[in-house]
Amino acid sequence: MERELNYIFTASCCFLSTLTFAQKIDVKQYLPEAVDSYKVTEWLDYEGEELYDYINGGAELYLSYGLKGMTGCKYNAEGLPQITVEIYEMTSSANAFGIYTQSRDKEEHDYGQGSQSHSDYILFWKGKYYIIITAQKPTTDSSKTISHLASLLDKATVILPGDKPAIIRALPPDGLAPAGYLYFHHYVWLNAYHFIADYNIVNITDKTHALLAKYGSPDDRSYLLIVEYPKKEAAMQAWTQLKDKFAPEATSKPRPQLQLEDRTWFTTWTEGLRLYAIFNASTSAQADNLYKLIHNKQWKQLPEENY
């Protein structure tokens, strides 16, 4: 896995260094030089190769979501923890949403189009921007200030709302763990919840849309993978490869379902452009129930807030 992540980072270097930033945020227009007891001590503005040193060990996550650049600032006040504001510009709102799903473990709506708040940090996404505001440690003053800064950025006219990826409507909410799914389009995140393979077993590329979701309780967890491809033939090819490599004993049925060596149940099928797979079901009935939920049309009318 480490080798694969390093590959992403290296392969992205030339790409990032040639990007343009016509819509880059001028944070000085939207963030005050002084707020409460704090004053700006450093403005942040990184793009291209400069991003590598700044993000350091977290680069592979951002690069896999099409990072374009980062702006922000650092606030300091005597006797108070430093506050850092980071505004990451991604290539699309779907990618900003995707990197947000990698970071949040609960779903709130205090800021932007989805947020998570704690006493020493706030993170949220809005449009093509992913925003993180952190204090070195929580205090009453720093918590108040990061909340104020988050509100200012949420109201910034340049940060406009965007659309979530349409594929999330394929997830049935019933049984879905709270904040329990990732959106991505690089295969290294296949194993975020459950080990599937150490290579690109379902042919995920930057042209595909993938979801990995957790269903059931923590002690009885199953996992749903959905990948949408540009063409039906690509979905079928990935389905065949998944069967042959992950469960070679699977039959040629349109939806083979079998118990694996670890006693868990696995099933997979295709529908149009999409490949579906259920992993780690504790019983055959559990896999069947999730399959039936996916095909229950009633939940597809639920509002977006359910996701």
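Phe97, Tyr100, Trp125 and Tyr181 are joined by ring pairs into a cluster, where rings of Phe, Tyr and Trp (its six-membered ring) pair if their centres lie within 6.5 Å, and planes under 30 degrees apart count as stacked, over 60 as edge-to-face and the rest as tilted. This is a predicted model, in which local features need pLDDT of at least 70 and side-chain atom pairs count only at pLDDT 80 or more, while totals for chains, interfaces and linings use all residues. Residues are numbered from 1 along each chain as its sequence is written, and side-chain values use heavy atoms, with hydrogens and water left out.

In the whole structure, 12 aromatic pairs are found. The ring centres of Phe97 and Tyr181 are 6.3 Å apart and the planes make 40°, so this pair is tilted. Because Phe97 belongs to helix 4 (residues 93-103) and Tyr181 to strand 8 (residues 176-184), the pair ties together parts 84 residues apart in sequence; helices (H or I, at least four residues) and strands (E, at least two) are DSSP runs, numbered from the N terminus. Phe97 and Tyr181 are both buried, that is, under 20% relative accessible area with a 1.4 Å probe, protein chains only, whereas exposed means over 50% and partly exposed lies in between.

Tyr181 also has the charged end of Arg104 over its ring, 5.1 Å from the centre, a charge sitting over a ring if NZ of Lys or CZ of Arg is within 6 Å of the ring centre and within 35 degrees of the ring normal.

Turning to the sheet, seven strands form an open sheet in the order 1-2-3-4-7-6-5, with antiparallel pairing, where two strands pair if DSSP finds at least two bridges between them.
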